[in-house]
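Here is a brief report on one protein chain. The sequence and the model come first.

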Amino acid sequence: KVRRRLDAPSQNGTGPALASMTQDLTNVAQLNDVLSDDGVLQEVAGRILRAGTVVLLSGGLADAVTITFAPLLRLIGVPAVHHTSEVSAAVDVARTGEGDVVIAVSFWRYVNTPNRLFDLARSRGAWTVAITDSRAAPIAATADAVLTATVDAPEVSLSVVAPIALVNAITSLCAATEPERAVLALSAVDDIYTVGLIASGDAP
């Protein structure tokens, strides 16, 4: 499949870079259908904000999404954890129960370990969210909530631009739902930056 794509002539005179960017924009535009379902998004945001712990699971290229999502949630005061190590992820899941939220991100080829841990978390009473490219994905079958994002790419196997846009949107909704909590958490981080423990120099 990848070989055919790379060997095929560029369409409409566009180069591979422009074709990739165009596809990413199309993928993001398709999120409108997901974002227009206020009921599901509001429930996901509410569950995240009420959770004792939010555990993020992924594998393969989906790690790029959870590596972005976890710190975004922590920045607004949500106790989110994510580990790329399978053993550490298993320990996180072993500590989950009722009142916790487990979010798994999984795309085509569907790495097995996060799928198994996801099912285990649900059996332990955690509320589960699947972020995936298809409602036919293994994690979608058992999740309490399913959010889909297109990962089509013209030259390589998949693109994570739309899934990352989706988790940005979820984080923004969480922050808007509990703004005081978000401001307090962001202010604490900003204080550390201000005293120069992390960065130096004035903001641009």
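The notes below go from the whole chain to single residues.

## Basis of the model

This is a predicted model, in which local features need pLDDT of at least 70, side-chain atom pairs count only at pLDDT 80 or more, and totals for chains, interfaces and linings use all residues. Residues are numbered from 1 along each chain as its sequence is written, and side-chain values use heavy atoms, with hydrogens and water left out.

## Overall layout

The chain has nine helices and five strands. Both are DSSP runs numbered from the N terminus: helices are H or I with at least four residues, strands are E with at least two. Along the sequence the pattern reads α-α-α-α-β-α-β-α-β-α-β-β-α-α.

Of the 204 residues in the chain, 39% are buried. Buried means under 20% relative accessible area, exposed means over 50%, and partly exposed lies in between, with a 1.4 Å probe and protein chains only. Contact means heavy atoms within 4.5 Å. Among contacts between residues at least 6 apart in sequence, 69% join residues at least 24 apart.

## The sheet

Five strands make an open sheet, ordered E2-E1-E3-E4-E5, with parallel pairing. Two strands pair if DSSP finds at least two bridges between them. Strand E2 (80-82) and strand E5 (145-148) are at the edges, and each has a single partner strand, so one side of each lacks a neighbour in the sheet. From one strand to the next, the twist averages 20 degrees.

Strand E1 (residues 54-58) runs parallel to strand E3 (residues 101-106), and five bridges join them. E1 also pairs with E2 in the parallel sense, over three bridges. Val55 has Val81 as its bridge partner in E2. E1 is mostly covered, with five of its five residues buried. Val54, Leu56 and Ser58 point one way from E1, and Val55 and Leu57 point the other way. In a regular strand, side chains alternate between the two faces of the sheet.

## Ser58

Ser58 lies in strand E1. Its bridge partner in E3 is Val105. Ser58 is buried, because its relative accessible area is 11%.

Two polar contacts involve the Ser58 side chain. One joins it to the side chain of Asp63 at 2.5 Å. Another joins it to the side chain of His82 at 3.4 Å. A polar contact is a pair of N or O atoms within 3.5 Å; within protein, one must be able to donate a hydrogen and the other to accept it, and residues adjacent in sequence count only if both atoms are side-chain atoms. Neighbours within four places in sequence aside, Ser58 is in contact with Asp63, Thr66, His82, Val105 and Pro114.

## Helices H6 and H7

How do the axes of H6 and H7 cross, and what comes into contact? Helix H6 (residues 86-94) and helix H7 (residues 112-123) have axes that come within 10 Å and cross at roughly 10 degrees. Axes are lines fitted to C-alpha atoms, for helices over the stretch in contact, and angles run from 0 to 180 degrees between N-to-C directions. H6 and H7 are therefore roughly parallel to each other; angles under 35 degrees fall in that class. H6 contributes Glu86, Ala89, Ala90 and Val93 to the contact, and H7 contributes Thr113, Leu117, Leu120 and Ala121. By class, the contact has six nonpolar, one polar and one charged residues. Ala, Val, Leu, Ile, Met, Phe, Trp, Tyr, Cys and Pro count as nonpolar, Asp, Glu, Lys and Arg as charged, and the others, Gly among them, as polar.

Asn115 is in helix H7. It is buried, at 8% relative accessibility. Leaving aside neighbours within four places in sequence, Asn115 is in contact with Ser106, Tyr110, Pro138 and Ile139.

## Loop residues

Arg109 lies in the loop between E3 and H7. Its phi is near 95 degrees, a positive value in a residue other than glycine. Arg109 is exposed, with a relative accessible area of 66%. Tyr110 lies in the loop between E3 and H7. Tyr110 has a positive phi of about 40 degrees, although it is not a glycine. Tyr110 is buried, with a relative accessible area of 18%.

Gly97 sits in the loop between H6 and E3. At 13% relative accessibility, Gly97 is buried. Residues up to four places away in sequence are not counted here: Gly97 touches Arg124, Gly125 and Ala126. The C-alpha atoms of Gly97 and Trp127 are separated by 8.5 Å, with the two residues 30 apart along the chain.

Definitions and conventions: Angles under 35 degrees count as roughly parallel, over 145 as roughly antiparallel, 65 to 115 as roughly perpendicular and the rest as oblique.
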